[in-house]
Amino acid sequence: MSHSMEPLDRFYSVIPAGGIGSRLWPLSRADAPKFLHDLTGSGQTLLRATWDRLAPLSGEQRIMVVTGRAHRAAVEEQLPELADLNVVLESEPRESTAAIGLAAAILERREPGVIIGSFAADHVIKGHHLFRQAVTDAVCAADAGYIVTIGIQPTEPAVGFGYIKTAGALHIAGAASALSVDSFVEKPDLATAQGYLANGTYFWNAGMFIARADRLLEEIGASEPELLAGLLELAEAWDTPRRGAVVDRVWPRLKKIAIDYSVAEPAAGRGKLAVIPGQFDWDDVGDFASIAKIHANGRKRDLAILGEGARVLADSSSGIVVSHTGRMIALIGVEDIVVVDTPDALLVTTSANAQKVKAVVDALKLSGSSDVL
């Protein structure tokens with residue numbers, strides 16, 4: 001496989017654009033999830049930036065987006081180049097195996113032997129030439145029959161990510177950087193994460209998966225045969241007038257399971273999972289602390305301010321303010337603060353507690369306060 005700027009041979013990009021990003025409440029909502037926001041100050045939504053990153057790798061006509069029915073209009077507005085046949089709509093969320101597996105089943109029927117890469121719609125990546133190099137190596141490893149993930153070299157003992165424990169080199173032609181995977185590791189506590197960082201054989205799991213579509217489906221079938229049967233039934237009807245009826249009947253019955261558990265972990269156990277070390281800068285923008293970090297460029301004493309028309313007066317303060325109300329916000333002598341001001345909800349916390357915002361969303365669901373979700 002060449003590292004030139006031509007699209008990669010037989011490669012198709014898949015963008016799962018789902019989830020509400022509950023750790024970014026009240027900015028991210030069910031009707032305006034985080035991938036539809038500009039969280040970097042670039043003037044682009046995260047979804048648009050993802051498209052622009054992937055288009056040179058596969059070509060614009062070879063990008064499929066899997067999203068909820070409620071988000072179709074917003075997605076198509078962001079991505080006017082998106083071909084209609086490459087819009088896959090979920091009637092309700094069924095987790096990543098169903099979303100990515102359906103894309104794989106549809107594309108394998110259309111183009112047997114296709115290699116697909118799944119990349120989240122809401123991550124921030126810098127160093128596009130390094131990203132392309134990693135994907136190119138991953139496509140070669142996938143063509144050799146591996147399920148491939150791209151691991152990120154840890155820069156700190158993060159507790160918000162899962163980790164990939166690597167073993168030795170795989171010596172795959174065209175994928176010199178490919179390593180075998182010993183195991184996937186759940187999100188660790190701080191002491192364990194510090195050990196992983198010192199060990200040097202652990203990578204962050206960034207949720208990027210590259211595989212031949214037929215191999216991905218084979219792995220789903222080995223661990224979840226009923227789920228595979230449903231996906232194949234959907235794919236068979238997808239490009240026919242029967243699609244609507246079959247989706248309404250089959251989709252709600254599909255098992256909810258993350259692709260890490262249905263594919264990656266079992267493949268690792270069989271020695272069929274490879275990891276490509278990603279040397280590019282990556283952030284999953286998982287909470288407001290990570291957004292503050294992106295905007296601060298490593299300067300912890302900075303205050304990041306987001307929002308058109310935001311009015312902020314600050315003295316000896318750091319952290320992040322996101323304002324969508326035009327209300328004057330004054331901060332005096334507060335460090336690492338997080339303030340998110342929307343017309344119907346106000347969040348105030350600290351960077352250290354930013355991961356706990358999801359618990360607030362869960363509590364709001366239980367209390368029946370769905371009007372602010």
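The backbone oxygen of D287 sits 2.7 Å from a polar atom in the side chain of S290. This is a predicted model, where local features need pLDDT of at least 70, side-chain atom pairs count only at pLDDT 80 or more, and totals for chains, interfaces and linings use all residues. Residues are numbered from 1 along each chain as its sequence is written, and side-chain values use heavy atoms, with hydrogens and water left out.

Here are the two polar contacts of that side chain (N or O pairs within 3.5 Å; within protein, one atom must be able to donate a hydrogen and the other to accept it, and residues adjacent in sequence count only if both atoms are side-chain atoms):

| Backbone atom | Distance to a polar side-chain atom of S290 |
|---|---|
| D287 oxygen | 2.7 Å |
| G286 nitrogen | 3.3 Å |

S290 belongs to helix α10 (helices are DSSP runs of H or I, at least four residues; strands are runs of E, at least two; both are numbered from the N terminus). Setting aside neighbours within four places in sequence, S290 is in contact (heavy atoms within 4.5 Å) with D283 and V285.

Now the sheet. Four strands make an open, mixed sheet in the order β12-β14-β16-β17, where pairing takes at least two DSSP bridges. β12 (303-306) and β17 (345-350) are the edge strands, each pairing on one side only. β12 runs parallel to β14 (residues 319-323) over four bridges, and I305 has V321 as its bridge partner in β14.
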